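Hi,

Here is the model I promised to pass on.

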Amino acid sequence: MRMSVIGCGYLGAVHAAAMASIGHDVVGIDVDATKIASLSVGDAPFFEPGLQEILTEGIRSGRLRFTTDMAAAHGAAVHFIGVGTPQLKGGDAADLTYVDAAVAALLPHLSPGDLVAGKSTVPVGTATRLAPSVAERGATLVWNPEFLREGWAVQDTIDPDRLVAGVPSADGEPTEEGARAAAILREVYHTAVAKDTPFLVTDYATAELVKVAANAFLATKISFINAMAEIAEVTGADVTQLADAIGHDARIGRRFLGAGIGFGGGCLPKDIRAFSARAEELGRGESVGFLREVDAINLRRRSRAVELVVDALGGTVHGKKITVLGASFKPHSDDIRDSPALDVAVRLHGLGGDVVVTDPAALANARRAHPQLTYVDERDEALGDADAVIVVTEWDQWRRELDPAHAATLVRGRVVIDGRNCLDAAAWRAAGWQYFGMGRP
Ligand SMILES: NC(=O)C1=CN([C@@H]2O[C@H](COP(=O)(O)OP(=O)(O)OC[C@H]3O[C@@H](n4cnc5c(N)ncnc54)[C@H](O)[C@@H]3O)[C@@H](O)[C@H]2O)C=CC1
Ligand SMILES: O=C(O)[C@H]1O[C@H](OP(=O)(O)OP(=O)(O)OC[C@H]2O[C@@H](n3ccc(=O)[nH]c3=O)[C@H](O)[C@@H]2O)[C@H](O)[C@@H](O)[C@@H]1O
């Protein structure tokens with residue numbers, strides 16, 4: 001099937017290449033000429049395991065191409081909207097200018113019978129607002145939210161846990177137009193449908209809310225365990241063992257109970273704030289009031305990590321060398337959007353620390369965003385003469401591959417703050433380190 005993907009960032013580039021990899025004929029369209037130039041020659045403009053391979057194969061096969069020209073969308077049967085919905089500057093709501101601009105630019109190139117499939121995360125009510133302009137062109141709007149995780153984006157796109165299609169509906173049932181739209185989406189995702197992946201057809205509002213509810217729940221789960229870490233810190237408990245113990249309850253589950261410096265990235269932080277703002281617009285602010293606490297708990301973890309470093313160094317970091325292990329917001333990504341790792345690094349630098357950052361993938365992005373910090377590519381060089389080391393992104397290069405005895409030969413002070421509770425505390429202590437976890441004794 002011929003399709004266009006409007007917006008080729010972290011979501012759209014993967015979506016375009018993945019759709020080509022399952023046999024569709026795809027044109028990726030973006031206003032960012034630099035990004036398009038890179039994608040067009042098969043160079044992934046960001047770090048995402050597996051993307052390079054499917055990008056290269058898509059272009060080689062002729063099924064995948066990229067352009068800045070929106071007219072190239074003409075003739076596609078399905079048009080995916082994957083543009084950004086960042087937090088509004090100075091507010092909490094989602095900035096929909098990119099979505100509105102992308103839809104407006106696409107309209108002249110739609111043909112009757114086309115599908116426009118929104119994938120961006122939007123406030124509930126957006127699809128209902130956009131549908132009439134799409135319908136005027138004889139096309140149908142659906143909302144098809146995306147649940148991929150960065151670092152796992154290719155597999156999550158090709159083999160998702162579930163597919164959700166918000167289609168034109170009346171009295172809780174798809175209209176004839178809605179049923180037709182759902183059938184087309186089943187064809188789009190034919191490989192997942194063939195594997196009996198749950199395919200939920202619903203109305204616009206439910207589809208939009210499913211997405212924000214999923215992210216709100218994930219963020220809440222993380223802040224819950226971080227709240228337990230705050231209690232553990234004053235009771236001598238071990239929050240990682242607590243997470244193991246409650247995680248054995250199938251109703252709770254161990255995943256996303258990782259206490260540490262908390263969540264960041266281009267989505268969870270903005271999505272809980274946008275959800276709160278939208279709920280307040282709807283007069284239901286109190287229904288999701290707890291999300292303000294989720295946000296507050298999350299941000300307190302970053303401050304706590306900085307405090308741990310300052311305390312471990314006797315009350316000041318002034319003139320002390322601090323090696324920061326990690327810059328991306330999570331491993332297997334070069335994304336530094338609202339990265340807790342970089343937030344902590346910048347704060348330590350602001351307190352007078354001589355901060356050296358290393359990361360396997362995100363240094364170029366970090367250097368552009370925070371030129372005031374020092375960046376070193378090689379891990380052991382970054383560790384040289386450190387007075388303290390803080391782990392802020394749990395890359396395997398230190399989580400699994402850094403031997404504490406070896407690290408001890410490189411540093412000036414054997415002080416490690418484990419901002420992701422990912423190190424073996426006993427092993428590091430046995431190697432002579434002062435080990436400080438976050439909610440661990
Ligand atoms: N990054 C992720 O893991 C996921 C993101 N999402 C959602 O997907 C949306 C996109 O997120 P990302 O890909 O991370 O953002 P991004 O910022 O990496 O990519 C957005 C792209 O849209 C392009 N763009 C903006 N206006 C445009 C226009 N009028 N026409 C064509 N292209 C335009 C930008 O140049 C940029 O390349 C957001 O709503 C996000 O919440 C949803 C699930 C996963
Ligand atoms: O809407 C989105 O963009 C996506 O947001 C998240 O995916 P992502 O942001 O890529 O990364 P996660 O794996 O969810 O991690 C988010 C943040 O939470 C942190 N985290 C995660 C797990 C945990 O136990 N503790 C914890 O602090 C990570 O370090 C990271 O900073 C959701 O997991 C995806 O389903 C969703 O599609």
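Some housekeeping before the rest. This is a predicted model, in which local features need pLDDT of at least 70 and side-chain atom pairs count only at pLDDT 80 or more, while totals for chains, interfaces and linings use all residues. Residues are numbered from 1 along each chain as its sequence is written, chains are lettered from A and ligands numbered from 1 in the order in which they are written, and side-chain values use heavy atoms, with hydrogens and water left out.

On confidence: the protein chain averages a pLDDT of 98, and 100% of the residues score at least 70 (pLDDT is the predictor's confidence in each residue, from 0 to 100). For the complex, the predictor gives an ipTM of 0.99 and a pTM of 0.98.

Back to ligand 1. It has 25 residues around it, and Leu11, Asp30, Lys35, Thr85 and Lys270 come nearest (a residue is near if one of its heavy atoms lies within 4 Å). As for polar contacts (pairs of N or O atoms within 3.5 Å), a polar backbone atom of Leu11 is 2.8 Å from an oxygen atom of ligand 1. Lys270 brings a polar side-chain atom to 2.8 Å from a ligand 1 oxygen, and a backbone N or O atom of Thr121 lies 3.0 Å from one. The protein buries 89% of the 820 Å² that ligand 1 exposes when taken alone (Shrake-Rupley areas, 1.4 Å probe). Ligand 1 lies between domain 1 (2-201) and domain 2 (203-441), because both give residues to its shell; the bounds come from an automatic or database domain assignment.

Now ligand 2. Of the 20 residues that surround ligand 2, the closest are Phe147, Leu148, Glu150, Lys211 and Cys267. Backbone N or O atoms reach oxygen atoms of ligand 2 from Phe147 at 2.8 Å and from Gly264 at 3.0 Å. The protein covers 89% of the 700 Å² of accessible area that ligand 2 has on its own. By class, its shell has ten nonpolar, four polar and six charged residues. Helix α9 (residues 204-233) supplies the largest share of that shell, four residues (helices are DSSP runs of H or I, at least four residues, and strands runs of E, at least two, numbered from the N terminus).

Cheers

Conventions
A polar contact is a pair of N or O atoms within 3.5 Å; within protein, one must be able to donate a hydrogen and the other to accept it, and residues adjacent in sequence count only if both atoms are side-chain atoms. Ala, Val, Leu, Ile, Met, Phe, Trp, Tyr, Cys and Pro count as nonpolar, Asp, Glu, Lys and Arg as charged, and the others, Gly among them, as polar.
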